[in-house]
Each structure stands twice: as structure tokens, then as C-alpha cells.
Amino acid sequence: MGGMARPRTPVPVTLSELYQRAVLAPRTGCLVWDGRMNQDGYGQIGISRNHAAELGIGQTILVHRLAWELANGPIQPGLQIDHICRNRPCINVEHLEAVTSSENVRRSDAPVLSAFRLQAQRALQREAYKTHCVHGHALTPDNVYADRRGFRSCRTCQNERSRVWRAANPGWRQRYK
Ligand SMILES: [Zn+2]
Ligand SMILES: [Zn+2]
């Protein structure tokens, strides 16, 4: 094939270009990377060896770091980019903060600080007062479970969703064995 390099998706050079490759999660506002992930669950872009050499970086770009840099400029040495939303594939710069590594560790248990965290906390408090789900099922202790974000969810509705999904995917038992 001559000496032609295989064309690759170019690395986004503006934040809006990068955002076009993510999907909005409406409830949280997270912009979830719709591309390759590394084994730790962070979104990544692979670039050619030549391109990497040109830019003076490695061949793998972590997209949440790229998002932060496109919005704020180069990440200073010693800083790392922390997900305020704790959602690793998220690239919404409103959910990202540059912190020192020790701060990042300390923050895992720190009280809610930023506006986003306050908002999330209020949402959780509102949830705590809910007595019924949107479908009118009483949220009694035996009918409540905490979903992945810690929100109180209706077990009856969850069971119903599972039932519908299983009915629509008759081969599911085989596939997941
Ligand atoms: Zn997020
Ligand atoms: Zn329900």
C-alpha cells in the first residue's frame, strides 16, 4: 500500500469538537465519552507514533485531560485532573478540576464543596423524602434499593424493567454464560 499511513480520526482541537464524541447523560449533565476506554474506565484516543513524536507526547491521550486542557490550557506539572462527578468516562469540563494528587485522595471523603457537589447532594436529599416512585409504587423499605448513584430506586419498577428486557432478549441466559 505504498507508504501511505492509514488515516486516523484526527485529535479534536477544540472542546466542541471533542464534545461531539460524547453523549449527554441528562440527569447528571455528564458528557460520557463514546469511544475507546482504557482498563481503568477513562476515555482515550490513540494517535500514530509520528503524530505523538510531533507533539512530544505518548501515543495514548486521556480524553478527560484533553478536555481540561482545551478549556484551560496545559495541565501544570504535579497536578492531576479529578472527576468531581466521580464518573471516569465523563469529559464535561464543569465536572473536572485540577488538584494535587494528595488533595484528590483526601477529597474522596471530603464534604461537598463545589456547586456541582452541592447540587448532587440536594438531589439526594430530595430523593430521601420521596414516598412513591414516578409510577406510584410506595417506597417502603422492602421496595427500595440504592442505584449506582446512591439514589433510592423502586424495586418493583426495576423488576418490571428486567422482566421486559428478558422477554425482549430470549437468548440472554446463553449469551451471559
Ligand atoms: Zn460528569
Ligand atoms: Zn415503581
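Student: Which residue follows helix α3, and what is its phi?
Tutor: Helices are DSSP runs of H or I with at least four residues, strands are E runs of at least two, and both are numbered from the N terminus. Here α3 is followed by glycine 73, with a positive phi near 95°. This is a predicted model, in which local features need pLDDT of at least 70 and side-chain atom pairs count only at pLDDT 80 or more, while totals for chains, interfaces and linings use all residues. Residues are numbered from 1 along each chain as its sequence is written, and chains are lettered from A and ligands numbered from 1 in the order in which they are written.

Student: Which residue has a positive phi although it is not a glycine?
Tutor: Most residues other than glycine have a negative phi. Arginine 86 has a positive one of about 60°, and its place is in the loop between β5 and β6.

Student: Why is arginine 86 called partly exposed?
Tutor: A residue is buried if 20 or more other C-beta atoms, placed from the backbone, lie within 10 Å of its own, exposed if 12 or fewer, and partly exposed in between. Arginine 86 is partly exposed because 13 other C-beta atoms lie within 10 Å. Across the protein's 177 residues, 14% count as buried.

Student: Which residues of α3 are buried?
Tutor: In α3, residues 63-72, the buried ones are Val63, His64, Leu66, Ala67 and Trp68. Contact means that two C-beta atoms, placed from the backbone, lie within 7 Å. The cover over the buried residues of α3 includes α1 (15-19), β2 (30-33) and β5 (79-83). Leaving aside residues up to four places away in sequence, valine 63 touches Leu18, Trp33, Gly43, Gln44, Ile45 and Ile91.

Student: How do β1 and β2 pair?
Tutor: Two strands pair if DSSP finds at least two bridges between them. β1 (residues 22-25) runs antiparallel to β2 over four bridges, and alanine 22 stands opposite tryptophan 33 in β2. The two strands form a hairpin with four residues between them, and glycine 29 in the turn has a positive phi of about 80°.
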